[in-house]
Amino acid sequence: MASDRQGTAGTAAGASRHIPPGQRHVNGWPVSHYGPVPRFRPERWSLRVFGATADGAERGWSFDELTGLPHVTVVADLHCATGPTSTDHEWYGIPATAVLDLVPPAPEVTHVMAWAEYGYSANLRLADFTTPRTLLATHHNGEPLTAEHGFPVRLVVPHLYGYKSPKWLRGIEYLTEDRRGFWEERGYHNIADPWKEQRYSYQEQDGDGPEHDD
């Protein structure tokens, strides 16, 4: 698979590499998610981009159509807000910037909401979604994602805690103002920067969350 490779420095074992404060290195790739693993039904599946698009229209792709979009490889770590960090994951998928090129957001868009199966959601600042290392992953370490790790597509935002990288991605909604997602409504930090240990909402400062929280 031809791709662009963007990596991070580290030891082969990973255990002695520099990881964010308060994290502990774990071997392998622990499975962590809320709710059951969904069944993939290709005839019903699509990935939608909707909300405040530049032309007001939404766009969708079937799983087969996604193969025709640009793809890259990104090597990055995964940081769980509860403490574990697993290192040197090789992700292959569609860069988020390609989605933005194909379906431009309106000028007033500031955030996106990533929607997954069963109504799970994760909000992101547009600046976090548009980094060159954010991608819609279809493969991990050269193999298609397994069901428990998000097949057919998961969002990967490697510079934020893992709850900002939802499995079983189904849609990207462009937002003109911030709105909390699933875990953000349940006490987790709205920004989720692991290098600042932004784990929980009580740590938020002015400007970190939506202006009109209930």
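A salt bridge here is a side-chain nitrogen of Lys or Arg within 4 Å of a carboxyl oxygen of Asp or Glu. Searching the whole structure turns up eight of them.

Before I go on, some ground rules. This is a predicted model, where local features need pLDDT of at least 70, side-chain atom pairs count only at pLDDT 80 or more, and totals for chains, interfaces and linings use all residues. Residues are numbered from 1 along each chain as its sequence is written, and side-chain values use heavy atoms, with hydrogens and water left out.

Back to the salt bridges. Take Arg170 and Glu117: their closest N and O atoms are 2.9 Å apart. Arg170 sits in strand β12 (residues 169-175) and Glu117 in the loop between β7 and β8 (121-125), so this pair ties together parts that are 53 residues apart in sequence.

The cut-offs are under 20% relative accessible area for buried, over 50% for exposed, and partly exposed in between, with a 1.4 Å probe and protein chains only.

Next pair. Glu204 bridges to Arg180, with the closest N and O atoms 2.7 Å apart. Glu204 and Arg180 both lie in the segment after β12, 24 residues apart. Glu204 is buried, and so is Arg180.

One more. Glu197 and Arg199 meet through their side chains at 3.3 Å, N to O. Glu197 has 30% relative accessibility, so Glu197 counts as partly exposed. Arg199 is buried, with a relative accessible area of 9%.

Now the inside. In soluble globular proteins, nonpolar side chains tend to be buried together. How many residues does the largest one have? The count is 28 residues, and those with the most contacts inside this core include Leu66, Phe129, Leu155 and Leu169. At least two residues each come from β3 (47-51), α2 (96-102), β7, α3 (126-129) and β12. Helix α2 gives the largest share, four residues.

Look at Leu169. Beyond four places in sequence, Leu169 touches residues including Trp45, Leu47, Trp115, Leu136 and Val153. Contact means heavy atoms within 4.5 Å.

On to strand β7, residues 111-116, which holds Met113. Met113 is at 1% relative accessibility, so Met113 counts as buried. Which residues does Met113 contact beyond four places in sequence? Among them are Ser121, Asn123, Ile172, Arg179, Arg180 and Gly181. The C-alpha atoms of Met113 and Gly181 are 7.2 Å apart, though 68 residues separate them along the chain.

His111 is in strand β7 too. At 14% relative accessibility, His111 counts as buried. Its contacts beyond four places include Leu124, Glu173, Tyr174 and Asp178.

Last stop: Val72, in strand β5, residues 72-79. Val72 is buried, with a relative accessible area of 8%. Val72 and Gly93 are 21 residues apart in sequence and 5.7 Å apart in space, C-alpha to C-alpha.

How values were computed: Core = buried A, V, L, I, M, F, W, Y, C linked by side-chain atoms within 4.5 Å.
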